[in-house]
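Please keep the sequence and the 3D view open while reading.

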Amino acid sequence: MRAASHPAPPMDDPDWLPRIDRAAPRGPEELMALALEVALASARHGGGPFGALVADADGRVLAVGWNAVLALRDSTAHAEIVALRRAQQERGSHHLAGCTLYTSCAPCIQCYGAIYWSGLARVCSAARKEDAEAIGFDEGPPMDGLWAHARAAKGIEHVRDFLRGERALLPLRTYAERGGVNYSRE
């Protein structure tokens, strides 16, 4: 019997996605700024207000992710998971050793699970879980104990509030002002 092939869902870059030179090495602040730019573009174009990217140890962007829950009718299509799936395809491996995930908002419980198994070394998040919840999203249970476990068990460092400020909150505010659907509570 032949093993079934399971190709990843189609993830062509949407027209509204900011153009990113993926070969150029960047520092952490610039990488987070790009993730925030993706989140804002997503919020402005009908997607969820979240953006993420995976960079290798040299600061080169392997993959970009945006929230595509509504567009794909897929509750797992969070920005972090889209970025992880695309990075794994780019690398040709399910393991992202030495890579960092930059995400516009602290990962929810679902994204935490994907991060835990991905082999990432580090996660940098800008906005807080509470910021997403303030506009109506359900981000799941408290995560502090889980991140401590990820650090101890897998060596995953989580850097919270990385460049948190007005720019990190703008995608969330834009989404709320545009009347975005809080699909996590439907």
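Trp 16 is partly exposed, with a relative accessible area of 22%. The cut-off for a buried residue is under 20%, and exposed means over 50%, so a value of 22% falls in between. The model is predicted.

Trp 66 is another matter. Its relative accessibility is 6%, so Trp 66 counts as buried.

**Aromatic pairs**

How many aromatic pairs does a search of the whole structure find? The search finds 7. Trp 16 and Trp 66 make up one of them, in an edge-to-face arrangement.

Trp 117 counts as exposed, at 60%. Both belong to a cluster linked by ring pairs, which also takes in Tyr 112 and Trp 147.

**Around Trp 66**

Which residues does His 78 touch, not counting residues up to four places away in sequence? Trp 66 is one of them, and the others are Asn 67, Val 69, Cys 108, Gln 110 and Cys 111. His 78 lies in the loop between helix H2 (69-72) and helix H3 (79-91). Its relative accessible area is 16%, so His 78 is buried.

Leu 40 can also be placed relative to Trp 66. The two are 26 residues apart in sequence, and their C-alpha atoms are 9.7 Å apart in space. Leu 40 lies in helix H1. It is buried, because its relative accessibility is 14%. Leaving aside its neighbours within four places in sequence, Leu 40 is in contact with Leu 170, Pro 171 and Thr 174.

**Positive phi in two loops**

Most residues other than glycine have a negative phi. Arg 73 has a positive value, near 50°. Where is Arg 73 found? It is in the loop between H2 and H3. Arg 73 counts as exposed, since its relative accessibility is 74%.

Leu 163 also has a positive phi, near 60°. Leu 163 is found in the loop between strand E5 (157-159) and helix H7 (166-177). At 40% relative accessibility, Leu 163 counts as partly exposed.

**Accessibility at a glance**

The table collects some of the residues discussed here.

| Residue | Relative accessible area | Class |
|---|---|---|
| Trp 66 | 6% | buried |
| Leu 40 | 14% | buried |
| His 78 | 16% | buried |
| Trp 16 | 22% | partly exposed |
| Leu 163 | 40% | partly exposed |
| Trp 117 | 60% | exposed |
| Arg 73 | 74% | exposed |

**A separated pair of residues**

Asp 15 is placed in the segment before H1. It is exposed, because its relative accessible area is 74%.

**The chain as a whole**

Now for the overall picture. The chain has 7 helices and 5 strands. Along the sequence they follow the pattern α-β-β-α-α-β-α-β-α-α-β-α.

How does the chain fill space? Its C-alpha atoms occupy a box of roughly 50 × 35 × 35 Å along the principal axes. A compact globule of 186 residues would have a radius of gyration near 16 Å; the chain has 15 Å, so the two agree. Of the 186 residues, 48% count as buried.

Contacts reach across the sequence. Among contacts with a separation of 6 or more, 64% come from residues 24 or more positions apart.

The surface comes next. The chain exposes about 9,200 Å², and carbon and sulfur atoms supply 51% of that area. As for charge, there are 21 positive and 23 negative side chains. The centres of the two sets lie 2 Å apart.

Notes
Residues numbered from 1 in each chain as written. Predicted model: local features only at pLDDT ≥ 70, side-chain atom pairs only at ≥ 80, totals over all residues. Heavy atoms only, no water. Helix = DSSP H or I, 4+ residues; strand = E, 2+ residues; numbered from the N terminus. Rg over C-alpha atoms; globule rule 2.2 N^0.38 Å. Buried < 20%, exposed > 50% of the residue type's maximum accessible area, 1.4 Å probe, protein only. Contact = heavy atoms within 4.5 Å. Areas by Shrake-Rupley, 256 points an atom, 1.4 Å probe, with all protein chains shown as cover. Lys, Arg positive; Asp, Glu negative; His and termini not counted. Charge placed at Lys NZ, Arg CZ, Asp CG, Glu CD. Phe/Tyr/Trp six-rings, centres within 6.5 Å; stacked < 30°, edge-to-face > 60°.
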